[in-house]
Amino acid sequence: MTTDLFPPAPVTRFPVAGSQSTFPVRRVYCIGRNYAAHAIEMGADPDKEPPFFFQKSPDTIHFGDFPYPTETSDVHFEIELVVALSKGGSNIPVEVALDHVYGYGIGLDMTRRDLQGEAKKLGRPWEIGKNFDHSAPCTPLRPAAEIGHPTDGAIWLKVNGETRQEGDLNQMIWKTPEMIAILSRYFELMPGDIIMTGTPAGVGPIARGDVMTGHVDGVGDLTVEVI
Ligand code: MN
């Protein structure tokens, strides 16, 4: 008989608004440059690029304040619609992709932009720019059974009450069912997988003491303080 040398790391769980149920997280997939105006501000051509993905570790998701990370002096916010899957599969057809969605939340794809920029320049992985501790502050989920599948409506982020990011979910280049279908060709998706669906234009830096407030129509509001 074998025994663990130490207790396994705890599973990250989303609360579900108005429910005792929780959503245990398996993987966190993120799509890059999924709003044309943001792709342009990052110096990319929004027309030519097929979708590309990276991952954050499940334990980057949390529900409190955001501690300013180490080894950076340029940390950016990216507000995103979060899609939570309760059904998995490979080669999922676009037409049935939404059947795999449990619900939606709001998340911040916090980014050490200086380290990401350096990695891009050197052709290195984005890991230290994107997948650092506490890099994905999120809200609890809301079930699609209650709110439906948001396809349009405002998505915005304010810092200390001042609007910084503003867009509409209908500006997503790759829609939620397409992202699920494409991802499922590269990875076998599983219940507990999360997709962060990209951010609208206006990303920028934060400092300790800033309060970020975000909103997605039909999903809710988020408040995160930088500590
Ligand atoms: Mn992002």
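Colleague: Why is Asp-109 called buried?

Modeller: The relative accessible area of Asp-109 is 0%. A residue counts as buried under 20%, as exposed over 50% and as partly exposed in between (1.4 Å probe, protein chains only); Asp-109 is therefore buried. The model is predicted: local features need pLDDT of at least 70 and side-chain atom pairs pLDDT 80 or more, whereas totals for chains, interfaces and linings use all residues. Numbering starts from 1 along each chain as its sequence is written, and side-chain values rest on heavy atoms, without hydrogens and water.

Colleague: What makes Asp-109 a donor of the manganese ion?

Modeller: Donors are N, O and S atoms within 2.8 Å of the metal (3.2 Å for Na, K and Ca); water is not among the atoms, so sites may look incomplete. The protein donors here, Glu-78 (OE), Glu-80 (OE) and Asp-109 (OD), lie 2.0 to 2.1 Å from the manganese ion. Glu-80 belongs to strand 7 and Asp-109 to the loop between strand 8 and strand 9 (111-112), so the pair links parts of the chain 29 residues apart. Strands (E, at least two residues) and helices (H or I, at least four) are DSSP runs numbered from the N terminus. Glu-80, with a relative accessible area of 1%, is buried.

Colleague: How do you know that strand 7 and strand 8 are paired?

Modeller: Pairing requires at least two bridges found by DSSP between two strands. Strand 7 (residues 79-85) and strand 8 (residues 101-108) run antiparallel and are joined by seven bridges, so they pair. In strand 8, Tyr-104 stands opposite Val-83.

Colleague: What makes strand 4 and strand 11 edge strands?

Modeller: The open sheet has six strands in the order 4-3-14-7-8-11, with mixed pairing. Strand 4 (53-56) and strand 11 (142-143) each have a single partner strand, so one side of each lacks a neighbour in the sheet.

Colleague: Why is the pair of Tyr-29 and Phe-187 called tilted?

Modeller: Rings of Phe, Tyr and Trp (its six-membered ring) pair if their centres lie within 6.5 Å; planes under 30 degrees apart are stacked, over 60 edge-to-face and the rest tilted. This rule gives seven aromatic pairs. For Tyr-29 and Phe-187 the centres are 4.9 Å apart and the planes 45 degrees, which means a tilted pair. Tyr-29 is in strand 3 (residues 28-31) and Phe-187 in the loop between helix 5 (176-186) and strand 14 (194-196), so the pair ties together parts 158 residues apart in sequence.

Colleague: Why is Phe-187 called partly exposed?

Modeller: Phe-187 has a relative accessible area of 29% and is therefore partly exposed, whereas Tyr-29, at 0%, is buried.
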